[in-house]
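Please work through the following exercises with the sequence and the structure at hand. Each task is followed by a solution in steps.

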Amino acid sequence: MLQIRLHGRGGQGVVTAAEMLSLAAFLEGHFAQAFPSFGSERTGAPVVAYARIDDKEIRTHEPILEPNAVVVQDKTLLGAIDVFAGIDPQGFAIINSAEPAEVVVPDLVKKLPAGHVLTVPATDFAMQKIGRPLPGAPMLAALAAATGVFALESVQKSFQSRYPGKVGDANADTAALAYEYIMNLKNGGNNA
Amino acid sequence: MLKQIEGSLGIAEAVALCRPGAVCAYPISPQTHIVENLGKMVKTGKLQDCEFVNVESEFSAISVSIGASAGGVRAYTATASQGLLYMVEGVYNASGLGLPIVMTVASRAIGAPINIWNDHSDSLSQRDSGWLQLFCESNQDALDTHIMAFKIAEEVGLPVMVCMDGFVLTHAFERLDLPSQEQVDQFLPPYEPREFLDPKEPISMGGMVGPEAFTELRILQQRKMHKALPIIERVTKEYRELTGHHSGGLLDCYNCDNADVKLIIMGSTVGTAKDAVDELAKQGIKAGIISLKAFRPFPYEALRAAIGDTKNVVIVERHFSYGARGILYPEVERALRGTGAQIHTAVCGLGGRAILGSTIKDIVNYSLNNKFSSEMTWFDVDTKLINSYLKDTEGVTLPEGPLPEDVLMDTLQKVRA
């Protein structure tokens, strides 16, 4: 089972991202589950959501304390909350930032295997294509590129089915930019 | 049909498949998404011949549901927590009148202090309301139980509360298998009330009954509850044969063969517990799970059979009765009278505190190591938090770890003068 924890702030679509992640996995024939950490929803307040992917029925409903992957949609959380608490020593971390991972989270880069801690300028991509700071789709695409567990096309399809028309397509375009960015990084391209 | 959707949407779609004639509810977390989705279905025409009524309170929601049901249509509503409490007068009327309303309770704690998160104190506060109360362990179970609930309610002639854990289930996105409209139509015939209010042929319903007949009506209500047990079993069997879904029933056993301890659990904790006992099994620890589905009527005989000759029984309760004990405990004790089983209550998961796999393992080990000293013990307690209060005010402290009730009571003897 792959367990993913997503951190962000109210208004950034963190819960939607977790739901879309579960939908992407479902579209590929996996069992998947997504749920928010329930609280008083306020714009700007820290928000946590969870997702699980497995090839058999997911029965547990406990929150994820030992994630295989952590997605941080808002870099300003890094100093405020221990977003990487309990992370699997072989796990992945994706952080929304234009700066390299070695600069943003140097300690984590040393702790996890090479290429498992990645940054992606998801908000910049979202502003380019959607025109609003909604980093959910590019963050999921970056996770897809980093782990290979699910495909870019599934991320795009999940957003397009939830938001048919222009909004879904813009999210799909944003996802493509982030996917290419990480693949380029992995292959030692210009972003590396 | 397989869908990856929010639990609440799954429930709304299941209710729509049952072709209700009236849906009336007032929004309250964590139930709101269910009726929001039903409202949309009525508006878009996906759910036809259904009146969706907006009201100003839960008291009106149950009142409209009573009116609709008395008028001869299939009626549905949903609520939670303080909303359920605000309904209570109508809740009792619905059962007294024998109206087969189906209501979701997206279980949530009751204030004060205000808390929006899950436990079972709201649904269990209506233990004696005369409604059937069916608990669900997963979203698939909840979806299927709603469809069965209409059939059970209409056959028994009593309303049914379908209790599903708020947020944990209602807000979880999961893979759900919805039966087809043809399957549900085959399973659930149109509602045929024995009598209903009709302005053209007026009758009275709900008149005053004095001491000369009130007892007898109550006895007949109890008889309906007894009748409900085999009806739940039969309807479950029919539904399982039709859909292949292993949902519903009075209770369900997991890993129970040769178990050294059995945990009785209601609701979404069952799934977490199944994973936990599978992990324990790898260490040679044999723990079984009994998912208790029917709380009212209470399946005493089925539970006694499910426990068999197991001597260690722990009830995991997301609630307790102040000044008394666990709410399930007396029922389980009655079911197991004379078997010699040791029965204990483990209270955890109040007001949304997560019940983890580790919580379940702690409870199993506590039981198998004979550590239960009281009938009731609280688990996953932040002892420091209690002590920070008690030490200053009364000069006493509690030890770390699970908190048995006798230890809590002992502190009363040690209060500084």
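**Exercise 1.** State what distance separates the centres of domain 1 of chain B and domain 2 of chain B, and describe the contact between these domains.

*Solution.* Step 1: The two centres, taken over C-alpha atoms, are 27 Å apart. Domain 1 of chain B covers 2-243 and domain 2 covers 253-380; such bounds come from an automatic or database domain assignment. The model is predicted: local features need pLDDT of at least 70, side-chain atom pairs count only at pLDDT 80 or more, and totals for chains, interfaces and linings use all residues. Residues are numbered from 1 along each chain as its sequence is written, while chains are lettered from A and ligands numbered from 1 in the order in which they are written.

Step 2: Domain 1 of chain B contributes 25 residues to the contact and domain 2 of chain B contributes 20 (residues are in contact if their C-beta atoms, placed from the backbone, lie within 7 Å).

Step 3: On the side of domain 1 of chain B that touches domain 2 of chain B, α5 (121-125), β6 (132-135) and α8 (214-243) of chain B each supply at least two residues. Helices (H or I, at least four residues) and strands (E, at least two) are DSSP runs, numbered from the N terminus. With five residues, α8(B) gives the most to this side.

**Exercise 2.** Determine in which sense β2(A) and β8(B) pair, and which residue is the bridge partner of Gln33(A).

*Solution.* Step 1: β2(A) and β8 (residues 173-177) of chain B pair in the antiparallel sense over two bridges; pairing requires that DSSP finds at least two bridges between the strands.

Step 2: Gln33(A) has Glu174(B), in β8(B), as its bridge partner.

Conventions:
Two residues are in contact if their C-beta atoms, placed from the backbone, lie within 7 Å.
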